[in-house]
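Reader: I have the sequence and the coordinates open. Please walk me through the structure, one point at a time.

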Amino acid sequence: MGEILFLAHRVPWPPNRGDKIRSHHFLQKLMDCAPVHVGCFADDEGERQTGWERKGELASCEIALRHKPQWRAGIEALASGQPVSLTSFASAAIREYVADTVSSRPVDCIFVFSGQMAQFIPDDFAGRVVMDFADVDSAKFESYADEGSGPMAWIHRREGRLLRAFEKAVAERADHSLFVSAAEAALFRARSGLSDDRIRAIGNGIDLAFYGAADIKPAEADQPMILFTGQMDYQPNIQAVESFSHQVMPDILARFPDARFAIVGRAPSDRVRQLDGRNGTLVTGPVDDIRSWILAAEVVVAPLRIARGIQNKVLEAMAMAKPVVASACAAEGIEATSGKHFLIADSVDDEAALVCALLKDSGRAKALGRQAKILIHSQYSWDKQLAGLPALCGFREPVAAEVAA
């Protein structure tokens, strides 16, 4: 039986942020099919040493520290003509680990999670390559350029242009390229010109047992809470909460003066922290259990202005029967109906109106949440979403008895 080399730009455990949630479940699925070697990066020594109950099952594991400062990666990118996304993750240690693993082990498939890691695919590797781009990153940087101005707009435009060419070359090399939604897959087909059978959508799922646990107590909240969750040093999340706090909350407060907008997530940037106390906004930073905050919320919002793929924050809230108001781009990729499973807002004025309507009508809010939960629990388990992954990698689907053993 052949083996799999799994490459990821972050340690794929614990599943505590969007990209790590996806890579974590992909890794576990593949571990149930074949011996897996993992090469990945950690941001610091603490992350590098973080334990995981299944780590001992890996055939081998190499975790390199990513300590290159962004300014150095930028200089290297300009000197080499490469995207900063690649020079930021350039690593002799990972390159050596990949070469040694491929040459000494019967690796039949290299599974690459995130475009940055495609630079480590050996030129002479004859086996199968499956590339999970998840999102079209080049399109994201193009959006940043269109939204910005000055030197940063130039930098983002350059990154988008170079990444677009790199993504196309990688997809031409790979047997299959995966994206998190049908919309992202369709966008990439149009940009790359590659055939439908090589570009596929595999969506994100939800840990239904975790988000369906009955013993979770809501966080304390004596005022109506509107909730946003996410990694709060991520530019689209920062932009979203700034817009909601400055542009949407004043209209909500005019009708519901005691309403609070809670921003809950790790690593809030200075821009996010400055929102605390303004327009009814509360910035918590990391919390022990995000589920308690979701339970305490009257409404969960996803007012992203730039978004790619499927938003886990939306799936998580829906799985816990919470009404969600999302922007159109934040809702993209989720097979749900606006008005039945969630509400899609077309503008900041629409966001305020929809949130106020839910705060006013708790019956409608609860009904929306119930329908959302039914949908997520029927369609968005990880087992359902990843059912076709082993075959794409050249392995058969594990049976339950084999997984349990």
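Author: Keep in mind that this is a predicted model.

Reader: Which residues of α16 are buried?

Author: Buried here means under 20% relative accessible area. In α16, the residues that count as buried are Ala365, Leu368, Gly369, Ala372, Leu375 and Ile376.

Reader: What covers the buried residues of α16?

Author: Both helices and strands take part. The cover includes the strands β12 (324–327) and β13 (343–345). It also includes the helices α9 (208–211), α13 (312–319) and α15 (348–360).

Reader: How far does α16 reach from its first C-alpha to its last?

Author: Helix α16 spans residues 362–379, which is 18 residues. At 1.5 Å a residue, 26 Å is expected. The model comes close to that, with a reach of 26 Å.

Reader: Now the charged pairs. How many salt bridges does a search of the whole structure find?

Author: Side chains of opposite charge can pair when their charged atoms come close. The cut-off is 4 Å between a side-chain nitrogen of Lys or Arg and a carboxyl oxygen of Asp or Glu. Across the whole structure, the number of salt bridges is 19.

Reader: Which residue meets arginine 10 in a salt bridge?

Author: The N to O distance of this pair is 3.1 Å. The pair links distant parts of the chain, 33 residues apart. Arginine 10 is in the loop between β1 (3–8) and α1 (18–31), and its partner is in the loop between β2 (36–42) and α2 (45–49). The partner is aspartate 43.

Reader: Is arginine 10 buried or exposed?

Author: The cut-off for buried is under 20% relative accessible area. Arginine 10 has 18% relative accessibility. Aspartate 43, at 40%, counts as partly exposed. Arginine 10 therefore counts as buried.

Reader: What is the N to O distance between arginine 66 and aspartate 43?

Author: These two side chains also meet in a salt bridge. The pair is 23 residues apart, with arginine 66 in the loop between β3 (60–65) and α3. Arginine 66 is partly exposed, at 25% relative accessible area. The N to O distance is 3.9 Å.

Reader: How many residues apart in sequence are the parts that glutamate 351 and arginine 305 tie together?

Author: Their side chains form a salt bridge at 2.7 Å, N to O. Glutamate 351 lies in helix α15, and arginine 305 lies in the loop between β11 (299–302) and α13. The parts so tied are 46 residues apart.

Reader: Which residues do salt bridges that share partners join into one network?

Author: Aspartate 43 pairs with arginine 10 and with arginine 66. Shared partners of this kind join one network: Arg10, Arg17, Asp19, Asp43 and Arg66.

Reader: Next, the surface. Which helix gives the most to the nonpolar patch?

Author: The patch consists of Leu78, Met152, Trp154 and Ile155, with about 430 Å² of accessible area together. Leucine 78 lies in helix α3 (residues 70–80) and is exposed at 56%. Three residues come from residues 150–173, which is helix α7.

Reader: Now the backbone. Which peptide bond is cis, with omega near -10°?

Author: Look in the loop between β1 and α1, where proline 14 is found. The cis bond runs from tryptophan 13 to proline 14.

Reader: What is the phi of alanine 134?

Author: Alanine 134 is in strand β5 (residues 128–134). It counts as buried, at 13% relative accessibility. Although not a glycine, alanine 134 has a positive phi of about 65°.

Note on methods:
Residues numbered from 1 in each chain as written. Predicted model: local features only at pLDDT ≥ 70, side-chain atom pairs only at ≥ 80, totals over all residues. Heavy atoms only, no water. Patch = residues over 30% accessible without salt bridge, like charges linked within 9 Å, V, L, I, M, F, W, Y side chains within 5 Å. Areas by Shrake-Rupley, 256 points an atom, 1.4 Å probe, with all protein chains shown as cover. Helix = DSSP H or I, 4+ residues; strand = E, 2+ residues; numbered from the N terminus. Buried < 20%, exposed > 50% of the residue type's maximum accessible area, 1.4 Å probe, protein only. Expected span 1.5 Å × (residues − 1). Contact = heavy atoms within 4.5 Å.
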